[in-house]
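Hi everyone, thanks for coming. Today I'd like to walk you through one interface, so please have the picture in view.

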Amino acid sequence: MRGRAVLTGEHFMHGDHACTEGAIAAGCRFFAGYPITPSTEIAERIAQRLPEVGGVFIQMEDEIASILAIIGASAAGARAMSATSGPGFSLMMENIGLAVMMEIPIVIVDVQRGSPSTGLPTLPGQADVMQARWGSHGDYAIAAYAPWSPQEMFDLTVLAFNVADRFRIPVMVMSDEVVGHMVERVVIPPEEQIPRWERKRPTVPPENGFRPFLAEDDDLVPPLVHAGEGYRVHFTGLTHDERGYPDMSAETHHRLVTRLVEKVRRNADAMVRYEGYGLEDARIVVISYGCTARSARRAVAQARAAGIPAGLLRLISLWPFPEKPLRDLARQAEAFIVAEMNLGQMICEVERYVAQPVIGVNHAGGAMIPPAPILETIEEVANRGAHIGRRKASTG
Amino acid sequence: MAHTLVAEKHPLDDLIRTDRMPHIWCPGCGIGIVMRCYAQAILESGIPVEQHVIVSGIGCAARTPGYMNLDSYHTTHGRPIPFATGLKLVKPELMVTVFSGDGDLAAIGGNHLIHAARRNVDIKVICINNFNYGMTGGQVGPTTPLGAKTTTTPYGNPEYPFNLPYLLAAAGAVFVSRWTAIHARQVKEDILYTFHKPGFTFIEVLAPCPVGFGKSNNLDEGVEEMWLYRRRCVPAGRVPEETPWEALQVDLREERPIVVGRFVDEDRPVYRPVRLEDKPSEHRG
Amino acid sequence: MKVYARQPVDLHRMRVPRGQVYLIPERCKGCRMCVDFCPQQVLQVSTARNSKGYHYPEVAPGKEDACVNCQFCMLMCPEFAIFSVEVDSL
């Protein structure tokens, strides 16, 4: 191989590039994508790097072809990824469902931009987060992570591949234009310190009677067979039974779809990630993620300096949603504030778990939400005491 | 022999998921004939069965992977070719065949079809052309002849159809041939030939669809349409040198020649992802 | 054997293969491709039905020795329901 897979050391690295390095360090050896601001730099760098590590890069004719190519590559045994932004992400939706149904692991990076539609190609947004969860049709479950720094573009891409492979699901990295295009310190650990969760593989040789979609372990994950191993397995988007054979009965459908959803719920603890700042004594809890969380953290620090018992719960995994810390905080908090660069999406999820008032600090996108509107909302909530109704404080 | 004898096994049963037979295709449909040709070609290919992979999209013909006892992938509508591309690029030693229908490959999947041909990706495509969307009950498709009746063209198809051999030749496929379901020997021979021909190969097989297309365009049972093939088919040479564009148009409702044969058989570099020899790379900060 | 005006010199060594037709009746869907396209018209649609109610083929009267194992019935069958095997040759 011409280049090293893991560029161990300290770097001053572009967010998109850090994502590429995270993928390659995680063992990604196949990338199929299509140019789209603000994620193109991921493709540009991985086009340079994959050949150096014996991997395959291909620019496909559109984002639909890109996601199909990575599902096919993963079916053949490679860790495979694509990267896009809102418009391309929308084109990929149907086939996120195919990856779910075939239980073939893939990673999709969405460097969000101003949306909907063409929106603001060169400016940030966070309004794809519900699409990441519910964009394809039907009941299903996936995991999605929101990096707030180039370092996390590296770390969460590694995590995404591990979660995808371990649980045979699509995993999204929901970045945004700010995080994707900023340059910051990125520390890449030595190769042996890069965590690697392997795919569960069959332990029996191919003979009839082997049922590739039978989940014998209680993690509900069946062993994954790759193409060319002699198991002659049928993978289909149709509802299928444990043999992988199409089965149109309602019972088989309910059993299969329930397992596909339960597979994520039951293993959520292994997938969920979050961070807390000043939560020990927080009575006003700010919830945020991605680049907005950087402003939220500043606002919380300023509020605490001014004696206001504020704290920040930063969502690192958007999905599965970190409900446990939220339930715990609901025992001590008077109010919650959800700061996000959309008109209120993750706020809906927060409201499911808390009875206290939840106030949104929202902006439709195009510029980072600065600390000021978040701090003002914290102060407002602090001054008005507990009798605050649920009100949306839109920033100017 | 006084009479037929009942058999337990068909000679090709090892390549078939017999526990899923009989298959869903209608009496008189031609898909089963082409599936048998594919199975026979696999048997004679000299390539171990474990190295054959079949990929399809959605539609009647796309149900074939479910019946083939191979590594089989039944993907989404119009998307077998990019799926097959990804799979092939990761495991080039596998023989990857896309087996789908005219609607799946040339309508919703048209963009992928022409780009994979342009790239000359080393995958084999078998396209069953029965001139309509059969699975959903007989709607107009990209190859449905002008004026033909379908459930979505009750007043006659107002659109001009694709000419698949010319489309694939223009897009860059290195092998393009067209046969009908009655040409079972030639179909098997061509599939076998493409197993050993590197690059993007495309075999179009016209097949009866008595229920979806036949009944609304006064073509009778499947077997009658097969007689029609036998009566009308004429062999032809390369495109465009020996076979003019119009000659390759097909309208089963008219008593005119159906031109079949091998239209393209050339060599072009096969799509290879970039490989770097082991030169030290400058450090990337 | 039909008498031809000009006889091939090795006519005596020519052997016409004979075939035995095998059937998997349950798979037949009565499409008649085998019956119609057998070059020797060995087959005809029988009155017998399989469990789905399809009439599967049978050997036509007088055609007991007509099958030459050309296997075209197998080639034409979309259901993998019929094939022939060489028995011996005349």
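Let me start with a term: a polar contact is a pair of N or O atoms within 3.5 Å; within protein, one must be able to donate a hydrogen and the other to accept it, and residues adjacent in sequence count only if both atoms are side-chain atoms. Between chain B and chain C there are 13 residue pairs in polar contact, both at pLDDT 80 or more.

A word on the model: it is predicted, local features need pLDDT of at least 70, side-chain atom pairs count only at pLDDT 80 or more, and totals for chains, interfaces and linings use all residues. Residues are numbered from 1 along each chain as its sequence is written, and side-chain values use heavy atoms, with hydrogens and water left out.

Now the overall contact, meaning heavy atoms within 4.5 Å: chain B and chain C each bring 38 residues.

There are also two salt bridges between these chains, each a side-chain nitrogen of Lys or Arg within 4 Å of a carboxyl oxygen of Asp or Glu. In a salt bridge, R27(C) meets D13(B) at 2.9 Å, N to O.

Finally, β1(B) pairs with β1(C), residues 17-23, in the parallel sense over two bridges; DSSP must find at least two for strands to pair. Here L5(B) stands opposite Y22(C).

Technical notes
Chains are lettered from A and ligands numbered from 1 in the order in which they are written. Helices (H or I, at least four residues) and strands (E, at least two) are DSSP runs, numbered from the N terminus.
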